[in-house]
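Subject: Structure handover

Hello,

The structure we talked about is below.

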Amino acid sequence: YCRRTVDIDEVLAVQDAAISTAISDTAVETFDLGTYIGAKILVDDEIYGTVCFADEDQRSEAFTDAEGFFVELLARLIGQAIERRDYRRELAEREAELNEQAEIYRAVIDASFDFVFRTDVEGRFTYNSATVTDFLGYTPAELDGQPITVVRPDEQTPDRVWNLVEQILEGESVEARNLPLETKSGRIVYADIRGTPIYDGTVSREERTSEDIVAIQ
């Protein structure tokens with residue numbers, strides 16, 4: 001019965017299986033169902049199964065259009081629910097993968113650099129590794145949203161920093177040695193800085209321009 005349902009593009013409605021040409025004699029003898037109505041379930045345009053109602057006795061009246069529409073609607077709703085479930089599962093798996101990658105990324109950062117920061121194109125901190133606290137005394141949350149000039153020790157440093165930022169926003173990767181920074185306690189420390197542009201991930205590497213730079217790291 002269900003095999004026949006998935007072979008056709010409409011609801012299979014059988015009032016009396018014994019005299020119906022839609023169902024084979026073998027199916028009737030095997031399952032002994034006198035009446036049947038069913039529709040196939042599609043998930044992402046692929047046949048998933050069927051939703052059906054059946055009884056051993058035949059019906060005295062033919063199935064109505066409303067009954068056929070109900071079964072077809074139910075099949076569609078079930079297919080959509082399964083699609084949403086699969087989508088949520090795939091989304092959760094993808095999120096777990098991203099979290100794992102982020103943790104690996106964090107571990108590499110912590111092992112390779114004293115601290116790592118990211119700013120937007122306006123020069124405001126948008127990310128700071130946890131190790132920034134050991135180096136500058138600020139927690140990542142305290143620096144979040146602050147301009148990079150918050151760690152300037154003198155009037156000359158901002159000019160030097162903005163010169164570096166301008167180069168990065170032109171698409172260059174830059175390095176600066178012994179850049180003075182002021183810690184939260186007011187102490188001056190010196191750091192070797194490496195800066196690189198971060199591009200909009202939706203733009204292919206071949207098509208990137210400086211207009212596609214969204215952050216600095």
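A word on accessibility before the findings: buried means under 20% relative accessible area, exposed means over 50%, and partly exposed lies in between (1.4 Å probe, protein chains only). This is a predicted model, in which local features need pLDDT of at least 70 and side-chain atom pairs count only at pLDDT 80 or more, while totals for chains, interfaces and linings use all residues. Residues are numbered from 1 along each chain as its sequence is written, and side-chain values use heavy atoms, with hydrogens and water left out.

Salt bridges

I counted a salt bridge when a side-chain nitrogen of Lys or Arg is within 4 Å of a carboxyl oxygen of Asp or Glu. The whole structure holds eight of them.

One of them joins Asp-9 to Lys-40, at 3.4 Å from N to O. Asp-9 sits in the loop between helix 1 (2–7) and strand 1 (12–14), and Lys-40 in strand 2 (residues 35–43), so the pair ties together parts 31 residues apart in sequence. Helices (H or I, at least four residues) and strands (E, at least two) are DSSP runs, numbered from the N terminus. Asp-9 is exposed at 72%. Lys-40 is partly exposed at 22%.

Glu-67 and Arg-59 make another, with their closest N and O atoms 3.4 Å apart. Both ends are partly exposed: Glu-67 has a relative accessible area of 31%, and Arg-59 has 26%.

Arg-124 also bridges to Asp-120, where the closest N and O atoms are 3.0 Å apart. Here Arg-124 is partly exposed at 37%, but Asp-120 is buried at 15%. There is a network too: Arg-85, Asp-86 and Arg-89 are joined by salt bridges that share partners.

Strands 6 and 7

How do strand 6 (residues 174–182) and strand 7 pair? They run antiparallel, over seven bridges. Pairing requires that DSSP finds at least two bridges between the strands. Val-174 stands opposite Gly-195 of strand 7. The two strands form a hairpin with five residues between them. In the turn, Gly-186 has a positive phi of about 95°.

In a regular strand, side chains alternate between the two faces of the sheet.

Best wishes
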